[in-house]
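Please report on the strands, helices and salt bridges of this model. Keep it short and residue by residue where that helps.

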Amino acid sequence: MYPTCQHDLYTQLETGFATLPKTYHQFALWQLGRYTLLLCFSTPTIFEKMGKSIAGLKPIDNIDSSWEISYDLCIHCWDGEGRFDAAPTAPDWDQYGIDGKGIINLPASPDVFCSYVWGVGALQAYCSTTRHAYYWITDANTIPYWETSFPFRQILSWFFQSKPIQPIHAAALAYQGKGFLMPGRSGSGKSTTSLFLSMQGYDYLGDDYVLLDLSSTNPTVHALYHSAKIDDHSLEILPQLKNQAYKVHSEDPKSVLSFPKTNPLCSHTIDAILLPRVVGGKTHITPARESDVVLAIAPTTIHHLNVDAKKVLSLAKELTIQCPHYWLNLGRDIDCLPNLLHETFY
Amino acid sequence: MFRRKSGSVVSETVDQEAIVVNLLNGKYHRMEGLACQLWDNLTEPTSLESLAQQCLLHATPISKQAIITFLFALNEESLIESDDESFFLQPNPVCNDPALCVESYDDMADLLLLDPIHDVDEAGWPNKNI
């Protein structure tokens, strides 16, 4: 029976997965600030694909049948390996239609969110009442690098929707007690700068998506992923990373870098916002307007994730009120960056 | 009367600058100073006369043609609507005043408007088919 609304679709997923043998391959805990996420992976393949980039992911050996473990969100991650015939019947996508961002054109439900991930062939759904989410793909081997590098970001956006916490498109680093948030459009120098500084001893919290948390006294950033994407041009600027970078598929435009899973830093307060931009000449720091920060954060976050745009704008504004903000004008002399930051902020 | 479009347009004002995002076409805009003030006024239905009154407080005179040009610019970007459907059928006076400048950015627009079936490659949205 085809779902008549998004809640129906979610219920079909929930019911379908409940009929499958309860033999998850791997459970793991993902701590994001004060929130605990329980991830359940059905097969080794999908655990390898979707779990390896997650910062601070802690595999756990066993959950007893009563599932007595405390969590704020449970994400069930299934692929079709060996179990496709038992998986829920896929709805007729042509009948319902899916827009360019994967929004499924079924009547909405206030507590259920569903979307289709184009290019991956995955269906994801979340219910705020049950606090369970499903990520279902038929073949995990086909998941592209840009999905395995930053998994579940849509589900996270749904989960944090009613909280002053939001995955945003930004890099983040910390060094000797100071945390720096670096939002910026693709091509702004954000990834190259964060990777370079991580090689200079800065703690890496992310280069593309991080979790902005304004729920406590001081603005805080939580690491989501310990992977980075780097293009060939940036690898020329940072040749030391060539040995660590790899392409998931040879034709991928970007390579992936993985950072050690034992990265001890998962969160840090934000002490300054740096907006990278490539200007040439000598690298220097200048004041930025609050609107520059909002423009650096909001449009890409809104358009990369199906999020509440008003919330993103509001959080970005609140962040600029609480944190000093600067342009990081990048020249060709990237080597001077650590000294420049030290002179400016320490 | 003129007012912001609801639903498809979201906005936030920071330090006398308005950031406006059009969720339908992916474009976003920045307005500062007087332009930001007029945009803030458009949260509620506002008349041309009321906008002109607001401009009287500005340091330099702002002509009515400049205000109309500003409204045309907002309408062109699908940010506002008018009770009077014929208003935007009249010729645009094209009287640009730097105090009523609307900065527009369309680098996100291409991403948003991709046809996922035909315009993306095997890597899928948001990777355009080059």
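Buried means under 20% relative accessible area, exposed means over 50%, and partly exposed lies in between, with a 1.4 Å probe and protein chains only.

## Ground rules

This is a predicted model, in which local features need pLDDT of at least 70, side-chain atom pairs count only at pLDDT 80 or more, and totals for chains, interfaces and linings use all residues. Residues are numbered from 1 along each chain as its sequence is written, chains are lettered from A and ligands numbered from 1 in the order in which they are written, and side-chain values use heavy atoms, with hydrogens and water left out.

Helices (H or I, at least four residues) and strands (E, at least two) are DSSP runs, numbered from the N terminus. Two strands pair if DSSP finds at least two bridges between them.

## Chain B overall

Chain B has four helices and six strands. Their order along the sequence is β-β-β-β-α-α-α-β-β-α. Of the 130 residues in chain B, 45% are buried.

Contact means heavy atoms within 4.5 Å. Take the contacts in chain B between residues at least 6 apart in sequence: 57% of them join residues at least 24 apart. The accessible surface of chain B is about 6,700 Å² (Shrake-Rupley method, 1.4 Å probe; for residues, only the protein chains shown count as cover). Carbon and sulfur atoms account for 50% of that surface.

## A hairpin in chain B

Strand S2 of chain B spans residues 9–14, and five of its six residues are buried. S2(B) pairs with strand S3 (residues 17–22) of chain B over six bridges, in the antiparallel sense. B:Val9 has B:Asn22 as its bridge partner in S3(B).

Two residues lie between the strands of this hairpin. There, B:Asp15 takes a positive phi near 50 degrees.

## The seven-stranded sheet of chain A

An open sheet in chain A has seven strands, in the order S3-S1-S2-S4-S7-S6-S5, with mixed pairing. Strand S3 (58–60) and strand S5 (112–117) of chain A stand at the edges; each has a single partner strand, so one side of each is left without a neighbour in the sheet. The twist averages 20 degrees from one strand to the next.

Strands S2 (residues 35–41) and S4 (residues 73–79) of chain A run parallel, joined by five bridges. A:Leu37 stands opposite A:Leu73 in S4(A). Helix H2 (residues 44–51) of chain A packs on the sheet, touching strand S1 (26–32), S2, S3, S4 and strand S7 (132–137) of chain A. The direction of H2 makes about 125 degrees with that of S4(A). Axes are lines fitted to C-alpha atoms, for helices over the stretch in contact, and angles run from 0 to 180 degrees between N-to-C directions.

Strand S16 (residues 272–278) of chain A is mostly covered, with five of its seven residues buried. Two bridges tie S16(A) to strand S9 (residues 178–183) of chain A, in parallel. Here A:Leu181 stands opposite A:Ile273. Six bridges tie S16(A) to strand S18 (residues 325–330) of chain A, also in parallel. A:Leu274 has A:Tyr326 as its bridge partner in S18(A).

H8(A) has 15 residues, and 15 of the 15 are buried.

## Salt bridges

The structure holds 15 salt bridges over all chains. Each is a side-chain nitrogen of Lys or Arg within 4 Å of a carboxyl oxygen of Asp or Glu. B:Asp107 and A:Arg185 form one of them, at 3.4 Å, N to O. This pair crosses between chains, from the loop between strand S6 (103–105) and helix H4 (109–112) of chain B to the loop between S9 and helix H6 (190–199) of chain A. B:Asp107 is partly exposed at 34%, and A:Arg185 is partly exposed at 33%.

A:Arg289 and B:Glu17 form another, with the closest N and O atoms 3.1 Å apart. This pair also crosses between chains, from the loop between strand S17 (284–287) and helix H8 (290–304) of chain A to strand S3 of chain B. A:Arg289 is partly exposed at 33%, whereas B:Glu17 is buried at 5%.
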